[in-house]
Amino acid sequence: MAKLNIAPTKSNLLSVKEQLAVSTNGYELLEEKREILVQELMRLVEQVKVLEAEIDQVVQEAYPALKKMLMLDGVDQVERIAHAVHYDYDMQEKAVVIGGMEFSTIEVELPKKELFYSFLGTYANTDATITKFFELLNLLTQMASIRTIVWRLAEEVSHTQRRVNALDKLIIPQAKETKVYIESVLEERERENIFVMKALKKRNQHK
């Protein structure tokens with residue numbers, strides 16, 4: 001590791017020592033932050049896995065129900081029902097604090113399920129199918145919200161890891177090497193000064 005290109009002076013030594021102390025403290029704080037963020041990231045990944053399993057389960061129930069609905073009600077009737085169903089969704093940005101950091105995500109508030117069609121010409125499976133797809137939509141909005149946080153949290157972990165690596169592999173070793181170099185030069189100068197002072201003192205004694 002190449003040392004810093006600065007003059008070996010006492011003032012520069014104090015500056016390097018201060019930089020080393022700040023860098024070391026910063027490294028410890030960033031490493032602690034990284035560990036917290038990674039833990040939170042893994043926790044959210046587990047939530048994603050749970051949601052994925054729930055979504056898979058609902059999909060396995062919803063699409064066969066839709067197929068049955070098409071067979072019983074007919075395509076034309078299903079299209080009429082689909083056109084009659086209308087919901088308004090409230091979407092807004094939401095701030096979430098994780099590991100002491102604020103992340104923004106999208107929160108979708110689903111409306112309450114209503115009956116937009118007549119019972120006439122429909123079967124019990126019709127309402128069950130709509131209920132299943134409403135449940136699926138609810139799970140998908142939860143997934144979208146969590147995945148947004150996971151993506152941004154993963155970016156922050158990556159950014160923090162790069163800073164940790166820079167401190168650990170470059171800045172701190174460089175400061176340490178520079179500190180050792182300056183100290184060795186100053187010590188050598190001190191020894192030379194002592195030698196010169198002793199030589200002058202001896203010369204004066206012989207006059």
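Biologist: Which residue forms a salt bridge with Glu 61?

Modeller: Lys 132 does, with the closest N and O atoms 2.4 Å apart. A salt bridge here is a Lys or Arg side-chain nitrogen within 4 Å of an Asp or Glu carboxyl oxygen. Keep in mind that this is a predicted model, where local features need pLDDT of at least 70, side-chain atom pairs count only at pLDDT 80 or more, and totals for chains, interfaces and linings use all residues. Residues are numbered from 1 along each chain as its sequence is written, and side-chain values use heavy atoms, leaving out hydrogens and water.

Biologist: And where do Glu 61 and Lys 132 lie?

Modeller: Glu 61 is in helix H1 and Lys 132 in helix H3, so the pair ties together parts 71 residues apart in sequence. Helices are DSSP runs of H or I with at least four residues, strands are E runs of at least two, and both are numbered from the N terminus.

Biologist: What does Glu 52 pair with?

Modeller: Arg 147, at 2.7 Å between the closest N and O atoms. Glu 52 lies in H1 and Arg 147 in H3 (residues 124-205), so that bridge ties together parts 95 residues apart in sequence.

Biologist: How many salt bridges are there by this rule?

Modeller: The count comes to 11. Lys 17, Lys 179 and Glu 183 are linked in a network of them.

Biologist: Switching topic, which residues of H1 meet H2?

Modeller: Met 69, Leu 70 and Asp 73 in H1 meet Val 75, Gln 77, Val 78 and Ile 81 in H2, where contact means heavy atoms within 4.5 Å.
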